[in-house]
Amino acid sequence: AEDAGVAAASEAAQAAEAACQRAARNVSYLSLGASLAAAAAGLGVGIADAELALVGFGMEASLDALSSALVIWRFKKPKMRHHEDQEAAMRFKAARDLRRERNSSVGIGVTFVFSSVVLMFSALVKFLTFDAKDAHRVAEERDGANWSLILSLPSAVVFGLLAHRKFALSKALGSQVLRQDALCSVLGASLAAIVAAAGFFEEVSGNVESMAIVDSVASIIIGLILLVEGLRTLRHNLGAGWQQEHHEMA
């Protein structure tokens with residue numbers, strides 16, 4: 001009777017975990033679609049109007065899409081394998097999950113760092129080369145400020161809601177990569193808010209030189225956030241801490 005109770009509890013735990021994994025995949029598919037739409041809009045308008053804050057937001061949305069794709073891969077249904085016993089199967093699953101978590105997180109961290117460097121360099125170039133007497137550049141700056149408000153406000157709400165759901169699932173599953181994906185969505189919501197604030201300030205100021213400065217500063221802030229988070233992720237997954245955890249799991 002005791003063994004039957006243990007077996008029933010184990011099956012219930014496995015069923016609960018499977019349900020959470022399905023929910024993680026579903027919310028990741030939703031996040032993937034929203035992120036791709038935001039990335040296309042942010043990068044398209046940002047590049048067309050030389051609005052670097054929007055380009056930065058588009059880059060982060062692209063990272064969120066990549067992160068969501070990695071979560072989908074992380075929680076894909078495993079292949080059917082034969083093991084000697086239940087303990088061997090559990091050891092194999094733990095090692096596989098740890099490996100997927102690490103590889104996914106490292107990929108996200110590297111992309112964060114690369115994107116931050118590109119964005120901050122572009123912001124510096126714009127700050128140093130912007131010409132307020134260039135009518136074409138001035139028109140681009142004004143259009144970019146308008147689009148910043150239109151695109152960023154709904155994005156902040158959507159990514160904020162996605163982040164809340166991802167955090168809840170990451171806690172239930174004990175998943176680092178899902179938590180990292182939730183942080184990506186938090187960054188997306190935060191950066192959307194920064195873009196909206198920068199666009200609002202640009203609209204209110206009416207001074208094109210101030211617009212260019214605000215856009216450059218906002219882009220550098222976004223780049224620094226991406227850089228810090230990317231380095232933190234890489235340090236956690238490639239440093240001694242991860243190696244110790246891996247050794248203990250082996």
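Start at Arg232 and Glu229: both lie in helix H6, three residues apart, about one turn of the helix. Helices (H or I, at least four residues) and strands (E, at least two) are DSSP runs, numbered from the N terminus. This is a predicted model: local features need pLDDT of at least 70, side-chain atom pairs count only at pLDDT 80 or more, and totals for chains, interfaces and linings use all residues. Residues are numbered from 1 along each chain as its sequence is written, and side-chain values use heavy atoms, with hydrogens and water left out.

Show the side chains of Arg232 and Glu229. They meet in a salt bridge at 2.9 Å, N to O. A salt bridge here is a side-chain nitrogen of Lys or Arg within 4 Å of a carboxyl oxygen of Asp or Glu. Side chains of opposite charge can pair when their charged atoms come close. Arg232 is partly exposed, with a relative accessible area of 37%. Glu229 counts as buried at 14%. The cut-offs: buried is under 20% relative accessible area, exposed over 50%, partly exposed in between (1.4 Å probe, protein chains only).

**Next stop: Lys166**

How many salt bridges does the count come to? Three. Select Lys166 and Asp64 for another: their side chains meet at 3.5 Å, N to O. Lys166 lies in helix H4 (residues 135-173) and Asp64 in helix H2, so the pair ties together parts that are 102 residues apart in sequence. Lys166 is buried at 0% relative accessibility. Asp64 is also buried, at 0%.

**Along helix H5**

Select Ser185, in helix H5 (residues 176-205). Is Ser185 buried or exposed? Buried, because its relative accessibility is 0%. Its side chain makes a polar contact with the side chain of Asp64 (3.3 Å). A polar contact is a pair of N or O atoms within 3.5 Å; within protein, one must be able to donate a hydrogen and the other to accept it, and residues adjacent in sequence count only if both atoms are side-chain atoms. Beyond residues up to four places away in sequence, Ser185 touches Ser31, Asp64, Phe159, Leu162, Ala163 and Lys166. Contact means heavy atoms within 4.5 Å.

Move to Ala182, also placed in H5. Ala182 is buried at 0% relative accessibility. Leaving aside neighbours within four places in sequence, Ala182 contacts Ala163, Lys166 and Phe167.

**Helix H2**

Color residues 52-74. This is helix H2, with 23 residues. Of these, 19 are buried, so H2 is largely enclosed by the rest of the structure.

**Out to the surface**

Select Leu124, Phe127, Leu128, Ile213, Val217 and Ile221. They form a nonpolar patch with about 560 Å² of accessible area together. Helix H3 (86-129) and helix H6 (208-238) each give two or more residues to the patch. Patches are made of residues with over 30% relative accessible area and no salt bridge: like charges are joined within 9 Å, nonpolar side chains (Val, Leu, Ile, Met, Phe, Trp, Tyr) within 5 Å. Accessible areas come from the Shrake-Rupley method with a 1.4 Å probe; for residues, only the protein chains shown count as cover. Ile221 sits in H6 and is partly exposed at 39%.

**Zoom out**

Show the whole protein: seven helices and zero strands. Of its 250 residues, 43% count as buried.

Definitions and conventions
Expected span 1.5 Å × (residues − 1).
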